[in-house]
Amino acid sequence: MSFSAPGSPPPNTPDQPPSAAPPMPPVPPQAQPYPQHAYPAQPAYPGQPPYPGQPAYPYPYPYPYPYPAPPSPGIMLRSPHGLATALTVLLSIAGVAALLLTGIRVYLWSLMDGLVKDPLKVKDIALARVDNVTAVADGLQGMLWIATAIVFVMWFHRVRQNGQVFRPDAFTLAPGWAIGAWFVPLANLVMPFTIARQTWTASTQLAPDGSFRKVSSAPVTAWWLAFAGSQLTDSVFSVLYSAADTPEQLRGAAVVGAVSGLLTVAAAVLAVLFVRKLTALQSAKAAHGPYAAA
């Protein structure tokens, strides 16, 4: 038995090995940027062959950004072509229907204008006919737009998820907002446009040297301006038409309705261009990788 000075380590005993110093923590390796050729070697869409000469790497993010955010678990590239084709057909039919409804509203304006100038020249049967035709056309267009909206939201969510795979850091909103943003009052006039712009950016191939290559987003902006304008003017028309009690008020409502119909036709045409262009951008990036040909 031995004693030690206060504060000194205990002496080693014959049956106890000398205490060893605790191991030092490993030094983390220096972060290295991913090489420029880093792109997934898996098929772009299910059923396509892998990219030739590309290494298997889980994150489709290029140099010079060393810390990409990985895609959300379970998200993979899915072709938007089928939805885009169905949407093109529905939007074309909806545009024609909107054009016919615009003609009905112009006819309503002409009847009300004639009624204001000379009530004896406008027959009651003409007024009853335009009311019936307007009600039927509004009902048919409403059902058509519901079907179109469902397919559009499905396509919109599909391309947004593909954008998450292409470039996760391009977005400020979660993929679920590609659906939910359409149902938030007032915000649905801004949030879907933001998602569309960010998806457009994420779907654009980079330049051959790895730098960002700007592709004009005019199709996105033009479609959204026409769509938002048609929605606002249609809301104004509904209020004016419901509250109209005189031929003068109906005539004014018909003018707003005709403008709304023309904006709806323009929105349908521009939506087709937007859908087809964004689908083509994603197809090119999925088939040929993140870099555009020189």
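In this predicted model, arginine 105 lies over the face of phenylalanine 237, at 4.2 Å from the ring centre.

**Aromatic pairs**

Searching the whole structure gives 16 aromatic pairs. A pair of aromatic rings is described by the distance of the centres and the angle of the planes. Two of the pairs are set out below.

| Pair | Centre to centre | Angle between planes | Class |
|---|---|---|---|
| Phenylalanine 152 and tryptophan 223 | 5.6 Å | 35 degrees | tilted |
| Tryptophan 182 and phenylalanine 227 | 6.1 Å | 80 degrees | edge-to-face |

The tilted pair of phenylalanine 152 and tryptophan 223 links distant parts of the chain. Phenylalanine 152 belongs to helix 2 (residues 124-166) and tryptophan 223 to helix 5 (residues 218-243), and the two are 71 residues apart. Phenylalanine 152 and tryptophan 223 are both buried.

In the edge-to-face pair, tryptophan 182 comes from the loop between helix 3 (177-180) and helix 4 (191-202), while phenylalanine 227 sits in helix 5, so the contact ties together parts 45 residues apart in sequence. Tryptophan 182 counts as buried because its relative accessibility is 16%, and the cut-off for buried is under 20%. Phenylalanine 227 has 23% relative accessibility and therefore counts as partly exposed.

The residues of both tabulated pairs also belong to a cluster linked by ring pairs, made up of Phe152, Trp155, Phe156, Trp182, Phe193, Trp200, Trp223, Trp224, Phe227 and Phe274.

On the surface, Leu186, Leu189, Val190 and Leu232 form a nonpolar patch, and together they have about 390 Å² of accessible area. One of these residues, leucine 189, is placed in the loop between helix 3 and helix 4.

The loop between helix 4 and helix 5 contains glutamine 205. Glutamine 205 counts as buried because its relative accessibility is 11%. A polar atom of the glutamine 205 side chain lies 3.3 Å from the backbone oxygen of tyrosine 291.

Notes
Residues are numbered from 1 along each chain as its sequence is written. This is a predicted model: local features need pLDDT of at least 70, side-chain atom pairs count only at pLDDT 80 or more; totals for chains, interfaces and linings use all residues. Side-chain values use heavy atoms; hydrogens and water are left out. Rings of Phe, Tyr and Trp (its six-membered ring) pair if their centres lie within 6.5 Å; planes under 30 degrees apart count as stacked, over 60 as edge-to-face and the rest as tilted. Helices (H or I, at least four residues) and strands (E, at least two) are DSSP runs, numbered from the N terminus. Buried means under 20% relative accessible area, exposed over 50%, partly exposed in between (1.4 Å probe, protein chains only). A charge sits over a ring if NZ of Lys or CZ of Arg is within 6 Å of the ring centre and within 35 degrees of the ring normal. Patches are made of residues with over 30% relative accessible area and no salt bridge: like charges are joined within 9 Å, nonpolar side chains (Val, Leu, Ile, Met, Phe, Trp, Tyr) within 5 Å. Accessible areas come from the Shrake-Rupley method with a 1.4 Å probe; for residues, only the protein chains shown count as cover. A salt bridge is a side-chain nitrogen of Lys or Arg within 4 Å of a carboxyl oxygen of Asp or Glu. A polar contact is a pair of N or O atoms within 3.5 Å; within protein, one must be able to donate a hydrogen and the other to accept it, and residues adjacent in sequence count only if both atoms are side-chain atoms.
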